[in-house]
Amino acid sequence: MQIREICQQMEAWAPLAWQESYDNAGLLVGDSSAEVKGVLISLDCTEEVVDEAIKKGCNLIISHHPIVFSGLKRITGANYVERTVIKAIQHNIALYASHTNLDHAPKGVSYHLASKLGITGQVMKPMRDALKALQYYVPASHEQVLRDALHAAGAGNIGEYSSCSFTQEGLGRFQPSTEANPHTGSAGILSEVQEVKVEMVFPSHLSSQILTALKAAHPYEEVAYSMHSLDNSWQEVGSGYVGTLEKPLSPEEFITFAKKRLGLQTLKHTALPSGPISKVAVCGGAGSFLIKEAVKQGCDAYITADIKYHEFFDAENQCLIIDVGHYESEVMIIDAIHDYLSKKISNFAVLKSETNTNPVRFA
């Protein structure tokens, strides 16, 4: 199996199109055509993680955080980023990152943080512009063949549902010019054909391959179709996760509960409210951008990381805000990636890194 095939497996779960504009997810270092010997999964990619990959015979490291985030103007070993890249190249180790695209993916980072806390619910802020609709017209005789080709390309496959479409019968009319080469009818003569209009919804990032499949499988010389973006939010794709606890807890109980479930000795939080904690939102990593959304949705508590001093005021005592630390809010994604790839791959080792990459210490 080549490295590109592992990348494709990761991107089937978390397409690169879902990453934020500032991000740098994907294959960052290495030859995509190289054969995979072993995969090491880590939250961060550091020199120590590369050393671990060398020791364990892995030539692909999949991390959540990209080691190359902003542009590198030179690679001289002047800092840990450059030294990590140099060491990876010297030992033919490829580096791949699945970052904000995995934050947004179904059952992504925030979902697994919520699962650690026993929270059941849904994506907190679904992604907009993630879906498109395709409408096309095809002779009834070719409707099944074309529909199957489009489903294979990814159209009509959303969440846990596949092969979804809507069909409407009608009468198509067209008059080919004398220069045309029509599949049905004759040049210069108005033709009428029993056709069907088919509609399908599909992920926006698949637009190019959907259109290619449509034109390749359609019998007509000129294909009649329309493709447009939808205002619909994709409920399984987006930022954060919100739901309810297995049972309501007092604020004091909830703080103790969160620390135990996440393996924490300490955490930061706002003043404890007087009422019980039941509805809880979470966001792995830096999630201060969702504080107001948590308040808007009536959450009793919001767990995330990297909250600045003044941002703790943003909840205005309407929601308990808890900062558990960046590493602590995302480290569970290592297990999730391992479980996902282990089910997809059986002919070489998929290992979880034993290196603690958390740079933060408490005295």
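Residues are numbered from 1 along each chain as its sequence is written, and side-chain values use heavy atoms, with hydrogens and water left out. Because the model is predicted, local features need pLDDT of at least 70 and side-chain atom pairs count only at pLDDT 80 or more, while totals for chains, interfaces and linings use all residues.

**Exercise 1.** Find the order of the six strands in the open sheet, and then say which strands stand at the edges.

*Solution.* Begin with the terms: helices (H or I, at least four residues) and strands (E, at least two) are DSSP runs numbered from the N terminus, and two strands pair if DSSP finds at least two bridges between them. The order is β5-β10-β12-β13-β14-β11, with mixed pairing. At the edges stand β5 (120–127) and β11 (268–269), each with a single partner strand, so one side of each has no neighbour in the sheet.

**Exercise 2.** Determine which strands helix α5 touches.

*Solution.* Contact means heavy atoms within 4.5 Å, and axes are lines fitted to C-alpha atoms, for helices over the stretch in contact, with angles from 0 to 180 degrees between N-to-C directions. Helix α5 (residues 109–116) packs on the sheet and touches β10 (234–249), β12 (277–286) and β13 (301–305), its direction making about 135° with that of β12. Helix α8 (residues 251–262), in turn, lies across β10, β11, β12, β13 and β14, running at about 120° to β10.

**Exercise 3.** Classify the ring pair of Trp-18 and Trp-234, and state whether these residues are buried or exposed.

*Solution.* Rings of Phe, Tyr and Trp (its six-membered ring) pair if their centres lie within 6.5 Å, and planes under 30 degrees apart count as stacked, over 60 as edge-to-face and the rest as tilted. The centres of the Trp-18 and Trp-234 rings are 5.4 Å apart and the planes stand at 85°, so the pair is edge-to-face. Trp-18 lies in the loop between α1 (3–13) and β1 (26–29), and Trp-234 in strand β10, 216 residues apart. Both Trp-18 and Trp-234 are buried, that is, under 20% relative accessible area, where exposed means over 50% and partly exposed in between (1.4 Å probe, protein chains only).

**Exercise 4.** Describe how helices α6 and α7 are oriented to each other.

*Solution.* The axes of α6 (residues 143–153) and α7 (residues 207–217) come within 9 Å and cross at roughly 155°. The helices α6 and α7 are therefore roughly antiparallel, a term for angles over 145 degrees.

Terms used
Parallel < 35°, antiparallel > 145°, perpendicular 65-115°, else oblique.
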